[in-house]
Amino acid sequence: MKGNMAMEERKVRPRGPLRGVVRVPGSKSHTQRALIVASLADGESRIEHPLFSEDTRLLAAALRRLGAEIVEEGSGLRVRGCGGVPAVPEGEIFLGNNGTAMRFLLSVVSLGRGKYRLTGDARLCERPVGGLADALGRLGVTMEDRNGCPPVVVHAAGMRGGVAELADIRSSQFVSSLLLAAPYAAGDVVVALRGSTVSEPYIDMTVRVMADFGVSVLREETNRYRVPAGQRYRGRGYRIEGDASSASYFFLAAALCGGSVRVLNVRRNGLQGDIRFLDILESLGCRVRAGEDWIEVEGAPRDGAERSFDMGGMPDMVPTLAVLAAFRPGRTIVSRVPHLRLKESDRLSALAVELRKIGAGVVEKEDGLTIDGGNPHGATIETYRDHRIAMSFAVAGLAVPGMKISDPACVTKSFPTFWEEIERL
């Protein structure tokens with residue numbers, strides 16, 4: 001079935017100025033953190049409006065094998081945690097291409113007693129975990145990997161306290177992974193960061209979710225986090241925010257097509273750093289209105305001057321911004337995202353190739369892109385099995401004719417109802 005789906009193409013029909021209302025599912029980042037914490041907690045949690053997608057189902061299946069009880073109930077999940085003591089399953093834990101789950105679970109299984117083998121598909125086994133493995137080693141965890149990548153075998157005997165140092169990290173998920181498991185270590189855990197740090201808003205989200213379930217993280221210095229020993233997560237009722245990353249595609253639609261799009265189930269003052277994409281749209285001339293649980297964008301950008309954007313704090317917004325850059329006149333410079341080469345695809349390389357197909361001038365750099373746009377046209381887009389490539393270029397097809405998206409089913413990784421919502425516009 002997967003092989004057949006990979007050969008499919010989906011045509012996108014252009015629309016005029018938009019007057020649309022759409023709803024986005026729960027945040028993938030928020031859902032995965034809440035699932036980890038609830039699965040480690042004492043007692044039962046009810047997680048409302050989580051994202052049901054390929055990635056979250058893979059994580060939930062793994063957590064069930066580690067001893068958590070996770071049951072779908074209507075639009076939510078009932079989770080009974082393992083009390084910080086993961087079970088040791090027979091056989092390997094397969095995580096597809098869910099890099100977040102791989103990194104988070106390496107710390108989670110370190111709390112157990114036994115041998116765990118974690119693996120995934122071919123692309124996941126190219127995504128690095130070596131820096132995280134080294135940091136866990138400083139906390140007494142023994143593991144084997146393949147040249148710093150999965151598959152990984154963890155010989156777990158509990159996690160002792162200590163200082164876990166990370167230098168020039170290429171993924172904030174390393175930090176979040178250590179923090180999420182740290183309450184169950186034998187002593188205090190300090191996560192110390194040296195050099196550059198990327199995607200810091202995701203670390204902030206992790207700290208907030210931990211606090212929501214009863215665990216405090218002390219920010220001793222700008223790049224130093226302490227988790228005091230002896231704390232435990234407590235089960236509770238918990239609501240997941242709508243996904244700001246998913247919402248960005250509809251904000252982009254308003255910017256490219258004109259008119260306005262209102263997105264339900266998102267908040268401008270929420271936990272997710274990706275909501276700052278709205279600041280970029282405003283800086284380019286779009287108008288943004290927000291209510292308690294909705295955001296509306298009215299296009300289109302009028303600014304044609306050269307603009308530079310440091311995207312280190314919201315790398316998942318780069319495909320959305322890149323497509324916008326192909327349409328706006330002038331030059332757009334995207335920087336500080338070298339870690340995009342380690343995502344579901346090498347996103348910088350993939351974006352450069354596909355943007356050139358639709359008529360943009362692109363210079364690919366080690367940490368970003370320089371894009372000269374203004375007169376895009378349709379093309380058949382290779383998605384590289386990357387959901388964010390597919391969704392960003394699908395929105396471009398709302399503005400110009402002739403856009404075809406290969407492997408449209410890849411959007412199920414984060415947004416299974418994407419194509420239905422696009423049709424609502």
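Predicted model: local features only at pLDDT ≥ 70, side-chain atom pairs only at ≥ 80, totals over all residues.
Residues are numbered from 1 along each chain as its sequence is written, and side-chain values use heavy atoms, with hydrogens and water left out. The mean pLDDT of the protein chain (the predictor's confidence in each residue, from 0 to 100) is 95, and 98% of the residues score at least 70. Over residues 1-6, by contrast, the pLDDT is below 50, and this stretch has five contacts in the model beyond near neighbours in sequence, a contact being defined as heavy atoms within 4.5 Å.

Secondary-structure elements are DSSP runs numbered from the N terminus, with helices (H or I) of at least four residues and strands (E) of at least two. Residues P201, Y202, I203, M205, T206, V209 and M210 of α7 are buried, where buried denotes a relative accessible area under 20%, exposed one over 50%, and partly exposed a value in between (1.4 Å probe, protein chains only). The cover over these buried residues includes α2 (28-40), α6 (173-181), β13 (224-227), β14 (237-239) and α8 (244-257). Helix α7 is followed by G214, which has a positive phi near 100°. In the loop between β11 (189-194) and α7 lies S199, a residue that is not a glycine but has a positive phi of about 55°; S199 counts as buried, because its relative accessibility is 5%.

Grid points are joined across faces, edges and corners, and each volume is the space filled by probe spheres set on the points. Three cavities of 30 Å³ or more are found in the whole structure. The largest cavity holds about 340 Å³ of space, and of the 29 residues that line it, T100, R127, Q173, D316 and K343 are the closest to its centre. Two or more lining residues come from each of α2, α4 (99-109), α6 and α12 (387-396), with α2 giving the most, namely four. The lining of the largest cavity consists of five nonpolar, 12 polar and 12 charged residues, where Ala, Val, Leu, Ile, Met, Phe, Trp, Tyr, Cys and Pro count as nonpolar, Asp, Glu, Lys and Arg as charged, and the others, Gly among them, as polar.

The second largest cavity contains about 70 Å³, and its lining residues include Y202, M205, D316 and R388. At least two residues of this lining are supplied by each of α2 and α7, and its composition is two nonpolar, five polar and five charged residues. Helix α7 and strand β14 each contribute at least two residues to the pocket lining, in which 14 residues are nonpolar, 11 polar and seven charged.

Further backbone features concern two other sites. Most residues other than glycine have a negative phi, and most peptide bonds are trans. The peptide bond from P150 to P151 is cis, with omega near 0°, and P151 belongs to strand β9 (residues 149-157). Residue D407, in the loop between β23 (403-406) and α13 (418-423), is not a glycine and has a positive phi near 50°; D407 is buried, with a relative accessible area of 8%.

Key. 1 Å grid on protein atoms, 1.4 Å probe; cavity = no way out; pocket = protein on both sides within 12 Å on 5 of 7 lines; lining within 4 Å.
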